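Trainee: Could you walk me through how the strands and helices are arranged here? I'd like to ask as we go.

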There are 2 protein chains.
Amino acid sequence: MKENESRDIMKIGIIGGGSVGLLFSYYLSDLFDVTIYTRTKNQKDELLHNGLHLIESNKIHKKNIKAEVFDLWNGKEELTIIAVKQYQLSEIVMQIVKKQKENTNFLFLQNGMGHLKILKLLNSETIYVSTLEHGAYRKNLFTVEHNGIGQTKLALYRGDFNLPSSIFTIPKFPIIFETNYFEMLINKLVVNAIINPLTALLNVKNGVIVENENFLRVAHAVFVEIADVLNLENRERYFQQVIDVCQKTSENRSSMLKDLEAKNLTEIDAILGYILNEAELKKIETPICKTLYDFIKGSERLERN
Amino acid sequence: MKENESRDIMKIGIIGGGSVGLLFSYYLSDLFDVTIYTRTKNQKDELLHNGLHLIESNKIHKKNIKAEVFDLWNGKEELTIIAVKQYQLSEIVMQIVKKQKENTNFLFLQNGMGHLKILKLLNSETIYVSTLEHGAYRKNLFTVEHNGIGQTKLALYRGDFNLPSSIFTIPKFPIIFETNYFEMLINKLVVNAIINPLTALLNVKNGVIVENENFLRVAHAVFVEIADVLNLENRERYFQQVIDVCQKTSENRSSMLKDLEAKNLTEIDAILGYILNEAELKKIETPICKTLYDFIKGSERLERN
C-alpha cells in the first residue's frame, strides 16, 4: 500500500473538459482523487480509453483519470471545480442547483467579474474564485498542451478556507492564496480588459501593445475609462501592472486572440461587458470601451474567408 | 492627317506613376497629349520601352506614352495633374515651387482635406481638386489594372474653369464637374473617414461594415464625432451616404485595407488626421476617432510575421 492511499485523499470533481479543465485535472490528480465531468459521452469515453495526456516541454505525459458525463454529477466530491467558459456558466449553474445532492464546495476558474452575480445562486458554504495565468491549448478530447506555466491565484468568495495545504505544493502548477478576492479579480479584470481585446482586434502578441507607441496610447485611454468606472485608487499602479504583464508575456497570444482565430466565442462579455454594465449603472461615458466591445462582438460574428 | 491633330490638343503633365497616375495617363491620353513624370528613371524607361498597359475586363490594352523623370518637370503643359500619395505631397509641392518655369494649372487627385493648406503655397491661377472612386491596382511599373470603374468628381479650388469640355466624354472614365469644392471634399471625407479605417482595422470588405450590427454601431459613433467636428447640417443625410457607399461597393476592399496589407503607408493623416486637427482647433473631444487613428498608425508600424 502506497503512503498516499493510507490517508484520506480529497475528492475533486472538475466540470468542463476544455483546456483549463484538462489542465487542472492533470495536475490536481497528482495529489487528489479527481473526476472530470464532460459535456459529451464521447469525450468521457476518449478520456477513459486513452487516459489524459499532457504535453509539456515537448514531452507527452500520460495518466489514467476518472471521467463521467456531467449529467451524472451530484456534488459528492468535497470540492467541485467549475472549468467551463464564462458564456456557458449560467446554464451550468442552473443545472448544478438542480442536480446537487451532497454538500460540496466550489472553485470557479472564470475570468472577469461577470460570474460573481451567478455565484450568489449557490447555497454552498464555501466558494473560491481564482485568476489563471496558464497558457493551455486542448489538442484533442484527451490531450492538453501546457505551453505557459503561470500562477493560479485563489481567494475565498465566501466561507472558510478548508483545502489541504498540499494544494500549494504541486510542481509546475503553483497556486497562491490571496486574502482579498475582490482586489484579486479587479486586478486581473483591468489587465484582461485591456490586453485581451486589443491583441485580439489587432492580431498581435501581448508585447506589441507596449512596444508600439500608438497601441500603448490606446491602451492607456482604455485604462482611464476603466479606472473611472471601477473607481480605482492609486490608478497608475494598475496601469503599470498592465505594462508588466505585456512585457512578461510578450511572446504570448492572448486567449481572446486565440478564440477569434478558432472562431470560438470570446469572454468579452465577462470582461468588457462587465465594465460597460458598471458604467451604465454609474452613468459614466466609456466610448472607447464600447467601441472595443463592438469590435470584438462583431468579429465573433464574422464569417472569415 | 487625323482630325485630332489639326486641333490644338491640350498638353497634360501627370506627376506620379502609381496606380492613379497610370490610370489617368491611360484614359486622358485618348484625347490629350499626356506626359507622365515618374520619380525613378527606371519606371520612365519601362514605360517608354513597353508602353503603358491597362487591364480592364480581363483584356490588356496597350498604348505608347510619353514619360519623363520628375526632375525634368517645369510646368510647360497647360495642366499638371498631381497623382502622388498624400504623404508625398508636401515634398512634391516644394519641388514644384522650385522647378516651375511656365504657367500651368493644377489638378490634385488626393483624398481627404489635408492637402488644402498645401495648395495655398502654389501661385497658379487655376487649381482643381477632385474625388475618385476608381478601383485601380498597379501590377508593375507600366501596367495598371482597372478593376472598378467609378466617377471622378472635379471642382475648382480657385480660378476659372478652363478645361476642354471633351474631358467629360471619355468612355469608361466618367468625370463630373461639381460646383462646390468644399462640399464635395467634405462628402468624400466623411465616407472615407469611416469606411477606410474600419475596414482596414477589421480586415473586412466594405459591405461588412453595414451588414454587421456591431460594426455599424461603431460606424455611427465615429460618424457622430466627425459630424460634430465638421459641424454638419442635415447630418443623417451624410450617414446615409456612408451606408450607400458600403452597399454599392460591398465586395470591395478599401484602399486603406490594401495599403496595410501591402505594408504601405496609408492616407490616414489626410483623412482622420485632418478631423483630429480640426477637433483640436475647435476643442471637441473625439475619443473614438483618436483611437482609430492610433490603431491605423500603429498598424502601419507593425512588422507582421
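Predicted model: local features only at pLDDT ≥ 70, side-chain atom pairs only at ≥ 80, totals over all residues.

Mentor: Residues are numbered from 1 along each chain as its sequence is written, chains are lettered from A and ligands numbered from 1 in the order written, and side-chain values use heavy atoms, with hydrogens and water left out.

Trainee: In what order do the 8 strands of the open sheet in chain B run?

Mentor: Strands (E, at least two residues) and helices (H or I, at least four) are DSSP runs, numbered from the N terminus. Two strands pair if DSSP finds at least two bridges between them. Strand 5 (66-69) and strand 12 (175-177) of chain B each pair on one side only, as edge strands. The pairing is mixed, and the order is 5-2-1-6-7-8-11-12.

Trainee: Which residue in strand 2 of chain B is the bridge partner of I15(B)?

Mentor: Strand 1 (residues 11-15) and strand 2 (residues 33-38) of chain B pair in the parallel sense over 5 bridges. The partner of I15(B) is Y37(B).

Trainee: How is helix 8 of chain B oriented to helix 11 of chain B?

Mentor: Axes are lines fitted to C-alpha atoms, for helices over the stretch in contact (heavy atoms within 4.5 Å), and angles run from 0 to 180 degrees between N-to-C directions. The axes of helix 8 (residues 213-230) and helix 11 (residues 268-281) of chain B come within 9 Å and cross at roughly 55°. Under 35 degrees counts as roughly parallel, over 145 as roughly antiparallel, 65 to 115 as roughly perpendicular and the rest as oblique, so helix 8 of chain B is, relative to helix 11 of chain B, oblique.
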